[in-house]
Structure formats: structure tokens, C-alpha cells
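Hi everyone, thanks for making time for this.

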Amino acid sequence: MRLRHLRSRWLVGVPFVVLPLLVGACAQDDPPEVPAGADAALEQGREVWADSCARCHGADGGGGSGVKLSDGRAEELHPEIDTMIDVIAEGRGAMPSFSQSLDPDEIEAVARYVREVL
């Protein structure tokens with residue numbers, strides 16, 4: 001009898017513990033908006049960033065399991081945009097290659113978004 005009582009109390013308490021954890025894990029900040037009047041490639045870059053990059057580099061580019069790329073850090077790491085495009089396309093270290101999942105225009109767009117918006 002006591003075991004059944006403890007089990008029912010435990011089951012009642014589970015949603016109060018698990019639900020906030022799930023909501024917090026699923027909630028993610030949106031990437032920074034593209035400035036008004038910017039060209040469409042930056043909007044495309046923001047979409048690619050949100051779908052392919054933010055989970056590792058953070059929505060705002062502040063880093064996570066991937067390196068920080070915001071606040072000019074991308075330009076420090078890759079002074080030339082072509083080098084950054086190559087890293088996105090071919091991968092490097094723990095970063096995977098995106099040449100099979102993104103077309104060249106998407107890769108250039110996300111590189112520009114990182115450099116010009118983040």
C-alpha cells in the first residue's frame with residue numbers, strides 16, 4: 001500500500017519537473033535580424049544559419065560546441081571570405097562539410113550573414 005502511494009505521488013510530480021526542462025531545451029533564441037533594406041542574400045543567410053549553424057555556434061553566434069563567430073571573430077579567424085566559404089563547404093576539425101546539403105549560393109549567403117550581421 002505504501003509503495004503504491006509513493007508511486008502515485010512520484011507520477012503526479014513528474015510533469016512539474018520534466019515539462020519545464022523540455023520547454024527550456026526546445027526554446028532557442030532567434031538569430032539576429034537582418035537590417036532593413038539589406039539584400040535578399042542576407043535573409044537567406046539568416047535562414048541557413050538558423051537551420052544549419054545555430055545549434056553549434058549559438059543563435060547569436062556566441063559559441064557553444066562550435067567556436068564563437070560573432071563580434072568580428074569570424075573575420076579574425078578568416079580574414080578573407082573565400083577562406084570562410086571553403087571551411088563551410090569542406091568542413092574543418094569538428095565542423096562538418098556542408099557542400100552536400102547547401103548549394104554554393106546558400107554557403108556564400110551564410111558566410112555573408114555571419115560577417116555582416118553577427
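Let me start with a term we'll need: a salt bridge here is a side-chain nitrogen of Lys or Arg within 4 Å of a carboxyl oxygen of Asp or Glu. Please keep in mind that what you see is a predicted model. By that definition, the structure holds five salt bridges. I'll come back to some of them after a quick tour.

First, the overall layout. Of its 118 residues, 31% are buried. Among contacts with a separation of 6 or more, 51% are between residues 24 or more positions apart. The chain exposes about 8000 Å², and carbon and sulfur atoms supply 56% of that.

Which residue does arginine 112 pair with? The partner is aspartate 39, with the closest N and O atoms 2.9 Å apart. This pair links distant parts of the chain: arginine 112 sits in helix α5, aspartate 39 in the loop between α1 (2-26) and α2, and they are 73 residues apart. Is arginine 112 buried or exposed? It is buried, because its relative accessible area is 19%, and the cut-off for buried is under 20%. Aspartate 39, at 36%, is partly exposed. Leaving out residues up to four places away in sequence, arginine 112 touches Asp39, Ala41, Leu42, Ile81 and Val117.

A second bridge joins arginine 73 and glutamate 76, at 3.2 Å from N to O. Both are in helix α3, three residues apart, which means about one helical turn separates them. Arginine 73 is partly exposed at 33% relative accessibility, while glutamate 76 is exposed at 56%. Returning to arginine 112 for a moment, salt bridges that share partners join Asp39, Arg112 and Glu116 into one network.

Lysine 68 is partly exposed, with a relative accessible area of 38%, and aspartate 71 is exposed at 62%. Where is aspartate 71 found? It is in the loop between α2 and α3 (73-77). Its backbone deserves a look too: phi of aspartate 71 is near 55 degrees, a positive value in a residue other than glycine. For context, most residues other than glycine have a negative phi.

Another arginine to look at is arginine 46, in helix α2 (residues 40-57). Arginine 46 counts as buried, because its relative accessibility is 16%. Setting aside neighbours within four places in sequence, arginine 46 is in contact with Asp30, Pro31, Pro32, Glu33, Val34 and Tyr113.

Finally, let's turn to the surface. Glu80, Asp82, Asp86, Glu90, Asp103, Asp105 and Glu108 gather there in a patch of negative charge. Two elements give two or more residues to the patch, α4 (81-90) and α5 (104-116). Which of them gives the largest share? That is α4, with three residues. Aspartate 86, for example, lies in helix α4 and is partly exposed at 48% relative accessibility.

That's my tour, and I'm happy to take questions.

Technical notes:
Residues numbered from 1 in each chain as written. Predicted model: local features only at pLDDT ≥ 70, side-chain atom pairs only at ≥ 80, totals over all residues. Heavy atoms only, no water. Patch = residues over 30% accessible without salt bridge, like charges linked within 9 Å, V, L, I, M, F, W, Y side chains within 5 Å. Areas by Shrake-Rupley, 256 points an atom, 1.4 Å probe, with all protein chains shown as cover. Lys, Arg positive; Asp, Glu negative; His and termini not counted. Charge placed at Lys NZ, Arg CZ, Asp CG, Glu CD. Helix = DSSP H or I, 4+ residues; strand = E, 2+ residues; numbered from the N terminus. Buried < 20%, exposed > 50% of the residue type's maximum accessible area, 1.4 Å probe, protein only. Contact = heavy atoms within 4.5 Å.
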